Amino acid sequence: HTAQAWTRDGLAGMDGRGMRVLVFGCALLSLCTCTDSRAHRRADGRTMVPDRPALSPQQMMDHIVKALNASVAEVPTPGWISEIMPGVAAGHARKLRAFDAEASAQAKATILRGNGEGMVLYAEGRSATDAAFFTVIHTLEHYADTNTKIHRYDRGLVTSACHNMKESFYGPVRGGSYHHTGARDWSPEELSNCQSLADEEGGRRLAFHIKPSHLRKYGVSGGVAVRNIYDNTKARLLVFVYRHNKLAQWVSYAELSKKAREEFWGAASGAPTKRLIDDWEDTCRNLKEAEETAAAVGMRVVKLDFLEIARDSCGAARMILRAWLHDVPETELETLECFPVSGHKTVHAEGLSLRVGASAADAVVEELTGTVYEWMLDLNAT
């Protein structure tokens, strides 16, 4: 317990041999404390003389000295210890191996944290953003500790999710949406709070996802958003994901959930709640302004296409990681094993009218026909 407490308080850098000596010494000390007296007084007042030999201070030191030059398996354990406490030797060995694994994971995490720079995914939804974001996060966290299954919204050893979630600035949710519970309104103060928490957690790398449509609710442009990020966090990488077929994206929302459907398509028998062309051109302006501002302030940029991620999430993750972990030795990056994560997949029917309703389909066909966006009516086109 002492060794574990010390490790958590900052001795994670201790090497494996030092940890073994510390734990083995604590174990011997506890055993000696229990057996160094020749007589013990029982509760009923009678004297009990143990029939086991006590370890003298010199014997205890001998074992600790031997531990300095031996592995766990080679440390001699007096036979009478195993007789008194069945399985104690095996138990200590398991604990020591666990301490070694934890120390190794902490050491790897320290390397991967590097200078603590963060990453922001900048894209609308239904664009394989879950696959890209969580493949990157899981690859980092599984590498840091292969014995831990990282929950999708939990903080790990290397990364810290803003507000402990991917879409950190969705805005306050009323109604208990699982994916957005705990989200905040957009503000420089909230960004600063996220960075402070990441710093307090050992300099972990901040990571979160911003949607232009979320920023629109606060009247925040792409340029202002990027400037806020640059000024209030250590995020120096922006990852843009493009899904050029806006209609395919809208249809995917319709199949995701009833709430998403109503946001874009209204009632099943009604027309779309907004003009697709206006929404698409507004998104393009936001992304373009965000890119230009990122270049102006000197942030790194990675641009990905929806299909790139859908076809090879590990390949996309490697592109992001090389840009994000530019301060980590190449030898460490080469050892990263990809842990792909799939996003929200929808099951869809054939034909636009079957997917969004006849009236909605007629309205969007009329809007796009004869425009430069007519090609979007082919939902298989990207």
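Trainee: Is Cys194 buried or exposed?
Mentor: Cys194 is buried, since its relative accessible area is 5%, and the cut-off for buried is under 20%. Please keep in mind that this is a predicted model.

Trainee: Which residue forms a disulfide with Cys194?
Mentor: The partner is Cys162, and the two sulfur atoms are 1.8 Å apart. Cys162 is also buried, with a relative accessible area of 1%.

Trainee: Which parts of the chain does that pair tie together?
Mentor: Cys162 lies in the loop between strand S4 (159-161) and helix H7 (188-200), whereas Cys194 lies in helix H7 itself, so the bond ties together parts that are 32 residues apart in sequence.

Trainee: Is that disulfide right-handed or left-handed?
Mentor: It is right-handed, because the torsion about the S-S bond of Cys162 and Cys194 is about 65 degrees.

Trainee: How many disulfides are there in the whole structure?
Mentor: A search of the whole structure finds two. The other links Cys314 and Cys338, with sulfur atoms 2.0 Å apart. The link of Cys314 and Cys338 is left-handed, with -90 degrees about the S-S bond. Cys314 lies in helix H14 and Cys338 in the loop between helix H15 (330-334) and helix H16 (352-356), so this pair ties together parts that are 24 residues apart in sequence.

Trainee: What pattern do the disulfides follow?
Mentor: Counting the bonded cysteines along the chain, the pattern is 1-2, 3-4.

Trainee: And Cys314, why does it count as buried?
Mentor: Its relative accessibility is 15%, and buried means under 20%. Cys284, by contrast, counts as partly exposed because its relative accessibility is 32%.

Trainee: What span should H14 have at 1.5 Å a residue?
Mentor: The twelve residues of H14 (residues 313-324) should span 16 Å, and this agrees with the model because the end C-alpha atoms are 16 Å apart.

Trainee: Changing topic: which residues touch the most other members of the largest nonpolar core?
Mentor: In that core of 35 residues, they are Leu237, Val239, Leu304, Ile309, Trp324 and Leu325. Elements that each supply at least two residues of this core include helix H5 (88-113), strand S6 (235-242), strand S7 (300-305) and H14. Helix H6 gives the most to this core, with seven residues. In general, nonpolar side chains tend to be buried together in soluble globular proteins.

Trainee: What does Ile309 touch?
Mentor: Leaving aside residues up to four places away in sequence, Ile309 touches Ser127, Ala128, Ala131, Ala132, Val241, Leu304 and Ala316.

Trainee: Which residues of H9 are buried, and what covers them?
Mentor: Gly222, Gly223, Ala225, Val226, Asn228 and Ile229 are buried in H9. Their cover includes S3, H7, strand S5 (205-210), helix H8 (212-216), S6 and helix H12 (276-297).

Trainee: Where is the confidence highest, and where is it lowest?
Mentor: Confidence is highest in helix H9 (residues 222-232), at a mean pLDDT of 97, and lowest in helix H1 (residues 2-11), at 47. The average for the protein is 76, and 60% of the residues score at least 70. The pLDDT stays under 50 over residues 1-12 and also over residues 174-179.

Trainee: Finally, how many helices and strands does the protein have?
Mentor: The protein has 17 helices and seven strands. Of its 382 residues, 47% count as buried. Of the contacts between residues at least 6 apart in sequence, 72% join residues at least 24 apart.

Technical notes:
Residues numbered from 1 in each chain as written. Predicted model: local features only at pLDDT ≥ 70, side-chain atom pairs only at ≥ 80, totals over all residues. Heavy atoms only, no water. Helix = DSSP H or I, 4+ residues; strand = E, 2+ residues; numbered from the N terminus. Buried < 20%, exposed > 50% of the residue type's maximum accessible area, 1.4 Å probe, protein only. Contact = heavy atoms within 4.5 Å. Expected span 1.5 Å × (residues − 1). Core = buried A, V, L, I, M, F, W, Y, C linked by side-chain atoms within 4.5 Å. Disulfide = S-S within 2.5 Å. pLDDT = per-residue confidence, 0-100.
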